[in-house]
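Take a look at the model before reading on.

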Amino acid sequence: MNTTTSAPPPKLLWQREPADWNARPCLGTPIELWFGPEDGRRESPEEAAAREEEAKDLCAWCPVVEFCLETELALSPFDQHGIRAGLTADERRALIRRRARRSGRATRTEAVA
Ligand code: SF4
């Protein structure tokens, strides 16, 4: 198991939100749409797929999707949850791994794949 470093530096976490941040379509939507049931209930694969597709459809026309994505990718692979920036947590982890490989840095994301 590779246990060397981790994600890119979280510099974007402290960046000011873009001007159209309040126009993001996820604003005011149920949290369950993005992260699944909160009551401990397990979704069926079909329910999860339908929910994720609905969330991704909202992200598809989001004016701040790039900012959202970079903010999420600044987090650790272990801190990826739900649909954000039109991607699942697994899809964002894969993107973090690809970026880390591209930049020549070792990651420990293989352990969470
Ligand atoms: S891209 Fe990010 S900010 Fe925009 S709708 Fe999706 S989760 Fe919300």
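Arg 51 counts as buried, with a relative accessibility of 14% (buried is under 20% relative accessible area, exposed over 50%, partly exposed in between, with a 1.4 Å probe and protein chains only). Keep in mind that this is a predicted model: local features need pLDDT of at least 70, side-chain atom pairs count only at pLDDT 80 or more, and totals for chains, interfaces and linings use all residues. Residues are numbered from 1 along each chain as its sequence is written, and side-chain values use heavy atoms, leaving out hydrogens and water.

- The structure has seven salt bridges, each being a side-chain nitrogen of Lys or Arg within 4 Å of a carboxyl oxygen of Asp or Glu.
- One of them pairs Arg 51 with Glu 43, at 2.6 Å from N to O.
- Glu 43 is partly exposed, at 23% relative accessibility.
- Another links Arg 41 to Glu 47, with N to O at 3.4 Å.
- Arg 41 is partly exposed at 44%, and Glu 47 is partly exposed too, at 37%.

**The pair in helix H4**

- Arg 93 and Asp 90 also form a salt bridge, 2.7 Å from N to O.
- They sit three residues apart in helix H4 (residues 89–102), so about one helical turn separates them (helices are DSSP runs of H or I, at least four residues, numbered from the N terminus).
- Asp 90 is exposed at 53%, while Arg 93 is buried at 14%.

Conventions
Helices (H or I, at least four residues) and strands (E, at least two) are DSSP runs, numbered from the N terminus.
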